[in-house]
Amino acid sequence: MTRHLQTLGLERAPFPPTPDAAAWFQTTRLEAELAEAAHCLRTRAGFVLLTGEVGTGKSTFLRRLLLALDGEDVVTSMVFNTFLQGADLLAAVLRDFGLEARGNPAADIETLNRFLVQRWRAQVTCVLVIDDAQNLTLESLELLRLLTNLETGQEKLLQIVLAGQPELHHNLEQPRIRQLTSRICKHVRLDALDAGDVGPYVQFRLDAAGNSGITLAADAALALHRASAGNPRRIHQIMDRCLYGLYGRDAGRRIVDAALVRTAAAEAGVLRLPRRRPRLPLALAASLAGLLAVSALALLAVRSADSYAGNQIPTASPSPDVATTVEDVDAQWNACLQRLGKQALQVQPLSAALLAQLPTRESLCLRRQGDGWQAGWRAGLRAEDFLDGAGDRQRLQSLQALLLDRGLYDGALDGLYGPRMRAAIGRFQQGHGLPASGLPDPTTLLLFDTLLAVPATASRPTPSEPQQHGHG
């Protein structure tokens, strides 16, 4: 534990960046949702869907759900790497259940079925948990549909929990996998905290960390809700910086006020201060000045995301010259997405490093999200294009030509997703710092879409020399 927390009399970090199921703020609604989800799994009724925006506590909810089943006759397989797809995903499920995977989907499903029947006869419930499931391709979702067919006639042998961002629900609405969607027995939607819950939430987290005198003023709670929009992860980012501010004050001043919240929110990249800022506490200024400079440069860089099909699109990030609240940023983001249209709209978290590698930001909506970004775009390539007989071969031929031009592909431009193309995509992913799975995950598709949008005569950056973006 760091020195500033010890000085404040705290036993541990009250606002960690990682899921913390041990100190879970459980509202009445969350308690009911958790009980219903656990009941669905105990009674083997189907599968549970969990959706929520980034930072609303999906991973924490999953841990609490598993804790609720702890001590009962339940065995679980947990998959947190959804860059694994298809046969690789199935193999990971088997390994987590302690089974040997042969690499042949038909044989692996048979192995899993025998195991599930044995567990069922022993009155043991088997649960498969998949986090970040919005990254699953249609091929993988179809595989999960096959796994839900494993049953005794009255009960499902495998209970499945899918957790992901709201676009997961959109993915499940695809006609091809409607049978999977029809088997949802419980859909838990995690929302941001209401304004009245922010103060109690912060106080609960402080008390759980051994608090001995730190309080959040009423006006500070309102300011915190405005700056964070009630998103727990943003609340943690802001409050963690507020604690640095308290560390720089006298021991008797342990009240987090609205001014400190606004300052910390600005330093966290959530809220911009007016030009005439109050002087920061020395401890807060020393620890956060570097972050402010990085945030300002990032905001300048994103100003180039401003056009689609020759028309102006409002960028989803605020201008560096205008004081903007998080509500304004969200409004600009939503307006930008509306301009793109709902058809083939994709939304995906993006690291700052990958953002710098995009050859163009035209047709993109961008907004800050924690330490990275969130990108929205109208997809040209889709995961289903890579399915044999179901995709657009012309699109894949264009992609093969792109990979051939970059020296990554050496096969015929046949528009087919086979071993050679998968290997080429793996090399492309490796060159861009992504897991070299060879699979069309959303981040890889975004890179492909932006590269294909650049005219063939234009200079395209190579993986070793990513194009940097400034004002132009």
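Cys 126 counts as buried because its relative accessibility is 0%, where buried means under 20% relative accessible area, exposed means over 50%, and partly exposed is in between (1.4 Å probe, protein chains only). Cys 242 is likewise buried, at 0% relative accessibility. The model described here is predicted, so local features need pLDDT of at least 70 and side-chain atom pairs count only at pLDDT 80 or more, while totals for chains, interfaces and linings use all residues. Residues are numbered from 1 along each chain as its sequence is written, and side-chain values use heavy atoms, with hydrogens and water left out.

The protein chain has 18 helices and 12 strands; helices (H or I, at least four residues) and strands (E, at least two) are DSSP runs, numbered from the N terminus. Of the 472 residues in the protein chain, 50% are buried. Among contacts (heavy atoms within 4.5 Å) with a separation of 6 or more, 67% are between residues 24 or more positions apart.

What, then, lies inside? In soluble globular proteins, nonpolar side chains tend to be buried together. A nonpolar core is a set of buried Ala, Val, Leu, Ile, Met, Phe, Trp, Tyr and Cys residues joined through side-chain atoms within 4.5 Å. The largest such core holds 32 residues, and Leu 112, Leu 144 and Leu 162 touch the most other members. Two or more residues of this core come from each of strand 1 (47–52), helix 4 (86–96), helix 5 (105–121), strand 3 (125–130), helix 6 (138–148), strand 4 (158–164) and helix 7 (167–172). The most is given by helix 6, with five residues. Beyond its neighbours within four places in sequence, Leu 144 is in contact with Leu 128, Ile 130, Leu 136, Ile 160, Leu 162 and Leu 180. Another core, of 31 residues, lies apart from this one, and its members include Phe 25, Ala 221, Leu 224 and Ile 238.

Now to a sheet. Strands of a sheet pair through backbone hydrogen bonds, either parallel or antiparallel. Here three strands form an open sheet in the order 10-12-11, with antiparallel pairing; two strands pair if DSSP finds at least two bridges between them. Strand 10 (345–350) and strand 11 (364–369) each have a single partner strand and stand at the edges, so one side of each has no neighbour in the sheet. From one strand to the next, the twist averages 20°; axes are lines fitted to C-alpha atoms, for helices over the stretch in contact, and angles run from 0 to 180 degrees between N-to-C directions. Six bridges join strand 11 and strand 12 (residues 372–378) in the antiparallel sense, and Leu 364 stands opposite Trp 377 in strand 12. Helix 18 (residues 442–453) packs on this sheet and touches strand 10, strand 11 and strand 12, its direction making about 110° with that of strand 10.

The structure holds one disulfide, defined as a pair of cysteine sulfur atoms within 2.5 Å. Its partners are Cys 336 and Cys 365, whose sulfur atoms are 2.0 Å apart. The torsion about their S-S bond is about -90°, so the disulfide is left-handed. Because Cys 336 lies in helix 14 (residues 326–340) and Cys 365 in strand 11, the pair ties together parts that are 29 residues apart in sequence. Cys 336 is buried, at a relative accessible area of 0%, and Cys 365 counts as buried at 0% relative accessibility.

Some loop residues deserve a visit too. Thr 56 lies in the loop between strand 1 and helix 3 (58–69), and with a relative accessible area of 11% this threonine is buried. The side chain of Thr 56 reaches the backbone oxygen of Glu 53 at 2.6 Å. Not counting residues up to four places away in sequence, Thr 56 touches Leu 190, Asp 191, Ala 192, Asn 231 and Pro 232.

Which backbone angles stand out? Phi of Arg 44 is near 55°, a positive value in a residue other than glycine. Arg 44 is found in the loop between helix 2 (28–42) and strand 1 and counts as buried at 11% relative accessibility. Asp 132, also not a glycine, has a positive phi of about 55°. Asp 132 lies in the loop between strand 3 and helix 6 and is partly exposed, with a relative accessible area of 30%.

Definitions and conventions
A polar contact is a pair of N or O atoms within 3.5 Å; within protein, one must be able to donate a hydrogen and the other to accept it, and residues adjacent in sequence count only if both atoms are side-chain atoms.
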